[in-house]
Amino acid sequence: MSSGKLLINKKSRQQLDLFAKNPVGAIILNGQKGVGLGTIAKEFAREIAKNEVFVLATSLHKNQKTKTINTDDTRKISDLAKSIRKKPLVVIIDEAEKIVENAWQPLLKILEEPAKNLYFILTSHNTAKIPATILSRTQKIEVLPAPVND
């Protein structure tokens, strides 16, 4: 297991290991900046789906000054969800709190009717910015800072 090399808080690791052994439709990794949410998500995604990992990250879109995830981005996930999968695929949505308001609907539809072998790992530093309808369809894992050994 490659994730065994990651320095992760013991309680957080236990929850992540349970997810990797028996994945559910969607989890959200929440934690403070600097705990390595993106790295943790990628390592655990590889454990579940090997190389079948799709990462959706923030980017600058036309006429924007800050990086976001917009409707076109979330529609890419819709296309993935429609395909029939024999092998698991994990979709990572990094910094999910930066999804623009009108882009949540396509994601919600997928989470309400999950496809076989399709799993989601969302990361967020501020779950208060994520709609309750999305949170209610995800298992939340609090990624705590790793202990510092002297």
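In this predicted model, the buried residues of H4 pack against S1, H3, strand S3 (89-93), strand S4 (118-124) and H5. The buried set in H4 consists of Trp 104, Pro 106, Leu 107, Leu 108, Ile 110 and Leu 111.

**Overall fold**

The protein has five helices and five strands. Along the sequence they follow the pattern α-β-α-β-α-β-α-β-α-β. The radius of gyration is 15 Å, close to the 15 Å that the globule rule gives for 150 residues, so the protein is as compact as a globular protein of that length. Along the principal axes, the C-alpha atoms fill a box of roughly 50 × 40 × 25 Å.

Of the 150 residues, 45% are buried. Among contacts with a separation of 6 or more, 79% are between residues 24 or more positions apart. The accessible surface comes to about 8700 Å², and carbon and sulfur atoms hold 50% of that surface.

Where does Ile 27 lie? Ile 27 is part of strand S1, which covers residues 26-30. Its relative accessibility is 1%, and Ile 27 therefore counts as buried, the cut-off being under 20%. Leaving out residues up to four places away in sequence, Ile 27 touches Leu 16, Phe 19, Phe 120, Ile 121, Leu 122, Thr 138, Gln 139 and Ile 141. Ile 27 and Lys 140 are 113 residues apart in sequence, yet their C-alpha atoms are 5.6 Å apart in space.

Leu 89 lies in strand S3. This residue also counts as buried, at 4% relative accessibility. With residues up to four places away in sequence again left out, Leu 89 touches Ala 49, Glu 52, Val 53, Phe 54, Leu 80, Asn 117, Leu 118 and Tyr 119. Val 55 is 34 residues from Leu 89 in sequence and 11 Å from it in space, C-alpha to C-alpha.

**Charges and salt bridges**

The side chains include 24 positive and 15 negative ones, and the centres of the two sets lie 3 Å apart.

| Salt bridge | N to O distance |
|---|---|
| Asp 72 and Arg 75 | 3.8 Å |
| Glu 113 and Lys 109 | 3.9 Å |
| Arg 137 and Glu 112 | 3.2 Å |

Asp 72 and Arg 75 both lie in helix H3 (residues 71-82), three residues apart, about one turn of the helix. An α-helix has 3.6 residues a turn, so residues three or four places apart point the same way. Asp 72 is exposed, with a relative accessible area of 52%. Arg 75 has a relative accessible area of 47% and is partly exposed.

In the salt bridge between Glu 113 and Lys 109, Glu 113 counts as exposed at 55% relative accessibility.

What does the pair of Arg 137 and Glu 112 tie together? The two side chains meet in a salt bridge at 3.2 Å, N to O. Arg 137 lies in the loop between helix H5 (132-135) and strand S5 (139-142), while Glu 112 lies in helix H4 (residues 104-112), so the pair ties together parts that are 25 residues apart in sequence. Arg 137 is partly exposed, with a relative accessible area of 33%. Glu 112 is partly exposed as well, with a relative accessible area of 41%.

**Positive phi in two loops**

Glu 95 has a phi near 60°, a positive value in a residue other than glycine. Its place is in the loop between S3 and H4. At a relative accessible area of 21%, Glu 95 is partly exposed.

Asn 117 has a phi near 65°, again positive in a residue other than glycine. This residue is found in the loop between H4 and S4. Is Asn 117 buried or exposed? Asn 117 is buried, with a relative accessible area of 16%. Asn 117 is also one of the residues that Leu 89 touches.

Note on methods:
Residues numbered from 1 in each chain as written. Predicted model: local features only at pLDDT ≥ 70, side-chain atom pairs only at ≥ 80, totals over all residues. Heavy atoms only, no water. Helix = DSSP H or I, 4+ residues; strand = E, 2+ residues; numbered from the N terminus. Buried < 20%, exposed > 50% of the residue type's maximum accessible area, 1.4 Å probe, protein only. Contact = heavy atoms within 4.5 Å. Rg over C-alpha atoms; globule rule 2.2 N^0.38 Å. Areas by Shrake-Rupley, 256 points an atom, 1.4 Å probe, with all protein chains shown as cover. Lys, Arg positive; Asp, Glu negative; His and termini not counted. Charge placed at Lys NZ, Arg CZ, Asp CG, Glu CD. Salt bridge = Lys/Arg side-chain N within 4 Å of Asp/Glu carboxyl O.
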